[in-house]
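Let us read a structure together, one feature at a time.

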Amino acid sequence: MEYGQLKERERSGRVPSGCGVSGIMNRTGKVFSGDGILASICSMTERGNGLGSGYAGYGIYPEYADNWCFHIMYDERKARELVEEYIESRFEVVNEEPIPTRKVDALKYVPLLFRYFLNVKNGFAPESAAEEDYVIKTAMDINRNFKGACVFSSGKNMGIFKGVGNPGEIGEFYRIEDYKGYIWTAHNRFPTNTVGWWGGAHPFGILDWSVVHNGEISSYGINRRYLENAGYYCTFFTDTEVITYLFDLLGRKHKLDFELIGKILAAPFWSEIEREKDERNREFLKTLRIIYSSALINGPFAIIVANSTAMVGLNDRIKLRPLVAAEKGEFIYLASEESAIRLICENPDNVWMPDAGQPVIAKLKG
Amino acid sequence: MKKTKYLIIGNSVSGVNCVEGIRQVDKKGKISIVSDEGVYNYSRPLISYYLGGRIEKSGMPFRDEGFYGENGAELFLNARAEKIDALKKNVTANGGAIEFEKLLIATGGRPFVPRIEGIDSAKEGVFTFTKLSDAEAIIKYIENESIKNAVVLGGGLIGLKCAEGLIERSIKTVIVELADRLLPNTLDKTASGIIEEALEKKECGLIKEETVSAIESRGGRVEGVRLKPGGKTLKTNLFVIAIGVSPDIDIAKAAGIKHGRGITVDSRMRTNFEYIYAAGDVAEGRDSLLGSNAVIAIWPVAAMQGRVAGINMAGGSAVYDGMFPMNAVDIAGVPVVSFGITNPPDTGEYEVLEKKGDGFYKKIVLKNNIISGCIFLGKIERSGIFSGIIRDRMDVTSFKKELLSEDFGLLVLPKEYRKHMVVGEGIEV
Amino acid sequence: MARAKSACEFVAERDESRCVKCQACVRVCANDVHSYDGDTGALFSDYSKCAGCHFCEDICPTGALTIRRNLSDTRENANWTKDYIYKIIRQSENGGVLLTGMGNDRPYRNYFEHIVLNASQVTNPSIDPLREPMELKTFIGRKPDRIEFSGAGKSGGHVLKQKIPPQIELESPIMFSAMSFGSISLNACKSLAKAACDFGVCWNTGEGGLHSELYPYSDRVIVQIASGRFGVNPDYLQRAAALEIKVGQGAKPGIGGHLPGEKVSEEISITRMIPAGTDALSPAPHHDIYSIEDLRQLIFALKEATGYVKPVGVKIAAVHNVAPIASGIVRAGADFITVDGIRGGTGAAPAAIRDNVGIPIELAVAAVDQRLREEGIRNQASLIAAGGFRTSADIVKAIALGADAVYIGTSALISLGCHVCQKCYTGKCNWGIATQDPYLTRRLNPEIGARRAYNLLRAWSLEIKEMLGGMGINAVESLRGNREQLRGVGLSELELKILGIKHAGESW
Amino acid sequence: MERKAKKIVIKENYCIGCRLCEVYCITQHSKSKDIIKTYKGKGPVPVSGICFEEKGSVSFAIQCRHCDDAPCVENCLTGAMYRDKETGRVLHNREKCVGCWMCVMLCPFGVIKIDRAEKKVVSKCDLCIDGAFPACVEHCPNEAICLVDEDGKKIEKT
């Protein structure tokens, strides 16, 4: 089968995958090199099969902190021309350059990789949700309508780097150790099909959301239809995509904090809600679950979600996938395996297994 | 002088139920019973079955052997109570006196023996039939003398049962009855007719509207009985006088206890002495149908009265709210049950419903749509329901037309009544 | 000419070697099939009266009776089947509309039988409902787009800005369909009502009103407001858990109802608020609803009457235009829509209507759910599917297609004894269900009925949990509308498109 | 203190009039305890302990109530009718019975029957003495006959 066909297959259907995830954050916002996350994710070799890896870093583009940064992969020059024309019609392009990479022999079918630092043209009011919707729409338009192009990162002062290969290869390819960020997340993929598509690797991102995910979502069908009802178009057909959009919908649009998002995505059981002593709170939890029943993520998952202000780890409601958390000073670590944390943080102050459905929330201070 | 807390004169059903009544309230107080009979308790109505050979003596007690011991009651047999000193609270029996705190007189009835010419000279072959000893004597006589036939005076309950016993012993029996029917207190002519037919099939003779005016005897042994003066003589060596019983009130009378035909008692079975009670065939308690006191000489009344007396004697509280006459009997294979007033006076106040069929008869007597009495003959299975209806003086207007129906049952009774009968554990309507 | 006998559909075969002549069969058959001849001591059976209800077979203590089809048949003919021939014969005799009971018995494609479910393998653990919590709790009512509260951020300190619209809370997404006291006996109503209350779901009065003996079960009753307005009064509305305006019924879309006067007993007369012995006629349309705006008025009139604390829904038959109609109903303010498919049952309907009008519920649910989502209003009303759910798997499939909950009618009655003989309209139901004859109604002891109906709810709920667990899902809301869990087998592309599912063999 | 008997409660609203209670009572009290053998065999068919009543659409089957205060026991001349001390049931000893009909007369429910063949009392529901669960209760298809314990609590067959 040709790469193109494989890619089409992956683009048009869900590929379930089991994976390894890792995340590091410095809560004071102090940036640090991508070495750590690289070492951590590479240690979990059993959790990937070389068919996809990726990294997300926050605070990596301080010089463009106020610009939207699109990372786009192209299959061919033609696609790039069309997309760039489209982008230019919607944005003022502050900078445009290939994403710096190294040659890694093991990687085949490397797409064309470019990054764009953009400003919206028509001067949206700062903090306006409309600007973000505009950005999302642009990204979705490209992904839906431009053949051979894929926007895989679209936030500010952050970037996602991913591709088909093991984490070591991808990290080396993207020169991850050259970036410095205050949040890093990484993913090692074990898809259950033969070959991966670069766009299908994780992290998945929209605006400055990034999600790395280990699991398979049995509620995918309804989550997706719920998001479609809310105006999101799923173009990647991955579980990670719907998780990302759910965070965007609940966090950005409905303005719910991570705590509550956790209670929606990994809703407490009715029996737990009934045990809640405070009547007002019980009523609130019940209402929350009734309204957001279609946003419940059912099935096994361990995810690390980040945006520019926080990193969050969350397990499904009965903890069917591993997730370990650790803390040392201002650093918070999340990973599928404890060893992946201890490798880069020898003496953590505290190591724990987050309970099912209980989010670990690390917020940027100040 | 012997002392006892409770003294009971009479060891039949009233006496025994009295013991049980006392023990419901007082588990300890000493009970003494004096009986002029020589045997442990037995059911008097069974003597005809004994006579007929259908049961052994061992089958006659209505309480088992341990009864007296279990209930802490001392039984004095062959001890006839001769005198009651009501004021000093003692009873003389067998020459000794027994002091009591509470006394029950349950002396029962005594066979009524009319003045019949020649009765005094007939030493052998003339019997009454109310006690076991009577039956034993008749059997002994029959066996010793190879008796083949008998005349029974009286077509009432005792007479008929006696006749039946004799028939079962293959004694050719003739019944002489003064009335125009059998069981005259209970049955009407229609009912009697059915029984007469059945008796006839058993070759039992019956002479109605007749009586025995004289006994003919030779050497003190009965040879025959003569019907009305100058009338026909029936040859027989066995003559049983069974025309009824009367309350045995002699000693009570002597003690100054108030009486009518029987000893007068209140609803707690007390006599005019508050520590002396009376029950059973000797007592004149309330007849719920008549609304006044009367002697109702039947087993269930005796049992109930004895129990009520016992409870009250022991300081408990029980009320006898009256019963009414009822009888169940099987004559010549025809079962009969009767309740209350079955031959109402012709005053126009009563309404009679009847139905006769092959081998069965049903009669209901009503007054103001309340049942005063009934007869069931041949088919008696569900007659017990009427005992309740009569007891509760139920208005039957709503189901009057069903009263005679073959499948009369609880279902025709008003729902509420059905429910009331069996609160909690019966019919859920 | 020779008069044709009515079709002798069944034979009650008696095994003489087992029959002890207890005559139980004689006593129980309301159709007088069996008789005992006192003179000869023989038992006879007149098969032409047999409805095939199996009551005698079930009551016979020795198993001496077997009900089987009468093999007498007309000449094989693919068009002129025995059924059609005898229908014409009957109509030639009586010149009237042929009535029937229960749901459509024609062999229209049953899509449930062409849809299969998914289960987890390797990449996703299935969940064992015996060991892990498995939630079927379902809420029927309008849901807002988003939660509104104050005091966010502090855990435990959330205060709702406003209560969500009224909901009914179900322990399982299964409810008992509208079946009126009149169409079924009071004992049947009691059985279902008690079972629903015991299990924590809802039952429905149909348009029969609420008999006072059913008041103890009224906190879980959905009361209907139908075209005849029978039994509708303020108390009726106040007692209910929810209100349902009945516009149509799957068994007879576009047709009203008719309870013959002889069935309008004292009790029914009181409950329906009509004179005893008079026919209870429900008009085909509501004469105050000739348009969607009229419906809106009624919905809000009912909400006003009940103080906006109970969901108000609308029940329609699944017809061609069901999706846009449903959308209109949601926009008219309904908190739930009930869609009753072509296989929905009835106590009496013209056979021609029952067998030919409407569309299958599977397609209707898929179309309605999809339409409401496309319009972004799916959360504004719950969708209740009704009409022919025969097994828990049918229910799972309906929910995955988009239903919030289902109504079961026929299967509920089967739990009470019904053998689907379709003779409900005769009023001689031997099982004491579709009858008002006191001799027959007493056969349904509501204690037993409630237990059996409860058992059915329990059994199906357990099976639903098993199926959910197999899919790796532990809350029914994650199944609702989750068509990824379904695959078609032997369906055309168009059918798959309408159902919104892939064909078996296609992965995600 | 004698134990109170378990009782049979009749729910006349749910009696369907099939009379299977009688069929099963008879079978239970037959030699073979097999329904077909009982009815079709050579031996005599026992008399059921049940009185079935029917009028219009209403029917019920009533059997001995095992009254706490049983006039049939209190007034039995021979002791044939007795209360079983262990179970509180009212039972009948055929050997002792002479057929005086006292109990028949006094039973306000009219549920004591006569065995015409033997001229003795039969009825007499014994609550299925041989340890079996009462056959009428077990087989009543509509639970119109229920067994309850002393406190009126329904007893199910185990």
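Q: What radius of gyration does chain C have, and what would a compact globule have?
A: The radius of gyration is taken over C-alpha atoms, and the globule rule is 2.2 Å times the number of residues to the power 0.38. With 508 residues, the rule gives a radius near 23 Å for a compact globule; chain C has 24 Å, which agrees. The C-alpha atoms of chain C fill a box of roughly 90 × 55 × 45 Å, taken along the principal axes.

Q: What kind of model is this, and how are its parts numbered?
A: This is a predicted model: local features need pLDDT of at least 70, side-chain atom pairs count only at pLDDT 80 or more, and totals for chains, interfaces and linings use all residues. Residues are numbered from 1 along each chain as its sequence is written, while chains are lettered from A and ligands numbered from 1 in the order in which they are written.

Q: How many helices and strands are in chain C?
A: Helices (H or I, at least four residues) and strands (E, at least two) are DSSP runs, numbered from the N terminus. Chain C has 15 helices and 23 strands.

Q: How much of chain C counts as buried?
A: A residue is buried if 20 or more other C-beta atoms lie within 10 Å of its own, exposed if 12 or fewer, and partly exposed in between; the C-beta atoms are placed from the backbone. In chain C, 54% of the 508 residues count as buried.

Q: Which residues of helix H8 of chain C are buried?
A: H8(C) spans residues 322-331 and is mostly covered, with seven of its ten residues buried. They are Val322(C), Ala323(C), Ile325(C), Ala326(C), Ser327(C), Ile329(C) and Val330(C). These buried residues pack against helix H7 (292-305), strand S17 (312-317), strand S18 (336-340) and helix H10 (361-374) of chain C. After H8(C) comes Gly333(C), with a positive phi near 110°.

Q: What share of the contacts in chain C joins residues 24 or more positions apart?
A: Two residues are in contact if their C-beta atoms, placed from the backbone, lie within 7 Å. Among contacts in chain C with a separation of 6 or more, 69% join residues 24 or more positions apart.

Q: Which domains does chain C have, and how do they touch?
A: Domain bounds come from an automatic or database domain assignment. For chain C, the assignment gives domain 1 (10-76) and domain 2 (164-503). Their C-alpha centres lie 35 Å apart. Nine residues of domain 1 are in contact with seven residues of domain 2. To sort them by class, count Ala, Val, Leu, Ile, Met, Phe, Trp, Tyr, Cys and Pro as nonpolar, Asp, Glu, Lys and Arg as charged, and the others, Gly among them, as polar. The domain 1 side has six nonpolar, three polar and no charged residues.

Q: How is chain B divided?
A: Chain B has domain 1 (2-110 + 246-313), domain 2 (126-243) and domain 3 (333-421). The C-alpha centres of domains 1 and 2 of chain B lie 30 Å apart. Twelve residues of domain 1 are in contact with 16 residues of domain 2. On the domain 1 side, the largest share, four residues, comes from helix H2 (residues 47-51) of chain B. That side divides into five nonpolar, four polar and three charged residues.

Q: At what angle do helices H1 and H8 of chain B pack?
A: Axes are lines fitted to C-alpha atoms, for helices over the stretch in contact, and angles run from 0 to 180 degrees between N-to-C directions. H1(B) (residues 13-25) and H8(B) (residues 299-313) pack at about 35°, with their axes 6 Å apart. The residues of this contact divide into 13 nonpolar, eight polar and two charged.

Q: Which pair of chains has the most contacts?
A: Among the three pairs of chains that touch, chains B and D have the most contacts. This contact takes 37 residues from chain D and 39 residues from chain B. The chain D side has 21 nonpolar, seven polar and nine charged residues.

Q: How many residues join chains C and D?
A: 16 residues of chain C are in contact with 18 residues of chain D. The largest share of the chain C side, three residues, comes from H1(C).

Q: Which chains have no contact?
A: No contact joins chain B and chain C, whose closest C-alpha atoms lie 12 Å apart. No contact joins chain A and chain D either, and their closest C-alpha atoms lie 32 Å apart.
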